[in-house]
Amino acid sequence: MNAPERAQLEAAALHGAGDPDRVALLPAPLSSFIGRESERSELVSLARARRLVTLTGAGGIGRTRLAIEVATELQHEYMSGARMVDLATIASPLHVPQAFANAFGLKEETDHPLIDTVSGYLRSRQQLLLVDNCEHLLTACAATVQALLENCRELHVLATSRQPLGIDGEVAWRVPALGLPARDEDFVHAESVRLFGERASAANREFRLTSANAPAVLDVCRRLDGIPLAIELAAARARMFSVEQIAWHLGNQSLAWSSAAHATPARHTTLRAAIEWSYALLTPTEQALFRRLAVFAGSFSLQAAEAVCAGELAAIPDSAEVLCGLIDKSLVLAETRPTGEVRYRLLETLRQYAVERLHEAHEEHA
């Protein structure tokens with residue numbers, strides 16, 4: 001028995017488990033999981049059939065939470081269970097292999113690349129690996145995941161990233177916003193409204209979803225585009241504000257809500273922080289186009305996007321390619337109309353942020 005296996009056996013004994021490989025090492029969220037029944041079912045089926053599934057989507061859309069739910073449901077189908085590699089706190093691409101090794105308690109061996117050590121450990125194991133927050137280390141993460149998949153035939157990977165890893169065989173699955181009611185009278189069953197109600201009740205035990213506050217709750221959820229993080233941040237204010245007051249504040253400063261949860265990662269403590277983190281990862285050219293797209297209050301065509309790349313401002317070459325980059329990074333949505341026309345738009349919360357950046361760059365007049 002080697003050292004890692006001995007460490008697992010000791011961990012299993014501490015947890016009362018008979019098989020060290022079946023020790024669950026996924027986080028157990030403290031809050032309830034709302035909605036997404038169809039999405040979870042689809043992802044479970046995909047993860048069973050394909051070896052690499054990447055959940056993509058805008059900041060705050062709920063990729064990590066959904067991935068944890070899917071991995072938790074699947075973990076007992078793998079002889080070695082499921083493990084999680086969280087890259088959120090990793091700053092350098094050089095430290096990515098170490099993060100994977102840490103998930104299994106592996107140490108670097110002299111004159112032996114760390115990725116080979118991880119591959120050797122996983123080669124004979126049937127394992128599900130959840131790799132979270134890949135976008136800021138995309139190249140290093142993709143290289144590591146690809147090496148592991150090529151060398152470990154029984155390994156399945158569920159990843160989260162604001163854009164796909166770009167590996168052959170990858171299934172990129174975009175996480176949608178929570179459902180909004182088609183009609184006001186259907187509000188009770190809408191996922192976004194259920195999430196607001198659950199979190200608002202946790203913040204204020206006297207809060208209840210009623211027909212009286214339904215219009216304001218709907219207004220909040222619609223203003224926030226059904227983005228889970230944004231809805232949770234707004235609902236947390238129910239301890240001090242009425243829903244009507246929350247809706248009013250959102251109409252005036254929708255990016256100003258901050259979280260009181262000290263354990264929350266810094267970039268997620270406000271919706272602004274989540275968006276700023278995505279913006280900081282863009283190239284200067286992508287940042288320029290993202291700012292300029294703020295002039296479109298609704299959807300726009302490719303030709304319209306190209307128009308804001310010229311004129312009085314510095315021209316943006318290959319604007320179509322730059323736009324594709326923003327789509328890949330989940331900052332622009334592409335939607336196909338029934339006529340077959342493809343149009344693009346920014347979620348309103350993202351557009352408000354882009355307007356601010358446009359103003360700071362003194363480009364709004366041009």
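**Pockets and a helix crossing**

Modeller: Welcome! In the second largest pocket, 17 residues form the lining, and Val-175, Pro-176, Ala-177, Leu-333 and Leu-347 lie nearest its centre. Keep in mind that this is a predicted model.

Biologist: What makes a residue a lining residue of a pocket?

Modeller: A lining residue has an atom within 4 Å of a pocket point, and 17 residues count as lining the second largest pocket. That pocket has a volume of about 310 Å³, and its lining divides into 11 nonpolar, 3 polar and 3 charged residues.

Biologist: Which residues lie closest to the centre of the largest pocket?

Modeller: The largest pocket holds about 1,400 Å³ of space. Its lining has 41 residues, and Ser-31, Arg-65, Leu-229, Glu-232 and Thr-264 are the closest to its centre. The elements giving two or more residues to this lining are α3 (63–74), α7 (191–203) and α9 (228–235). By class, the lining of the largest pocket has 22 nonpolar, 9 polar and 10 charged residues.

Biologist: Why are α12 and α14 called roughly perpendicular to each other?

Modeller: The axes of α12 (residues 284–292) and α14 (residues 319–328) cross at roughly 85°. Angles of 65 to 115 degrees count as roughly perpendicular, so α12 and α14 get that name.

Biologist: How do you know that α12 and α14 meet, and which residues are involved?

Modeller: Contact means heavy atoms within 4.5 Å. On that basis, Thr-285, Glu-286, Leu-289 and Phe-290 in α12 meet Ser-319, Val-322, Leu-323, Gly-325 and Leu-326 in α14. The residues of this contact divide into 5 nonpolar, 3 polar and 1 charged. The two helix axes come within 10 Å.

Definitions and conventions:
Residues numbered from 1 in each chain as written. Predicted model: local features only at pLDDT ≥ 70, side-chain atom pairs only at ≥ 80, totals over all residues. Heavy atoms only, no water. 1 Å grid on protein atoms, 1.4 Å probe; cavity = no way out; pocket = protein on both sides within 12 Å on 5 of 7 lines; lining within 4 Å. Points joined across faces, edges and corners; volume = space filled by probe spheres on them. Helix = DSSP H or I, 4+ residues; strand = E, 2+ residues; numbered from the N terminus. Nonpolar A, V, L, I, M, F, W, Y, C, P; charged D, E, K, R; others polar. Axes fitted to C-alpha atoms, helices over the stretch in contact; angles between N-to-C directions. Parallel < 35°, antiparallel > 145°, perpendicular 65-115°, else oblique.
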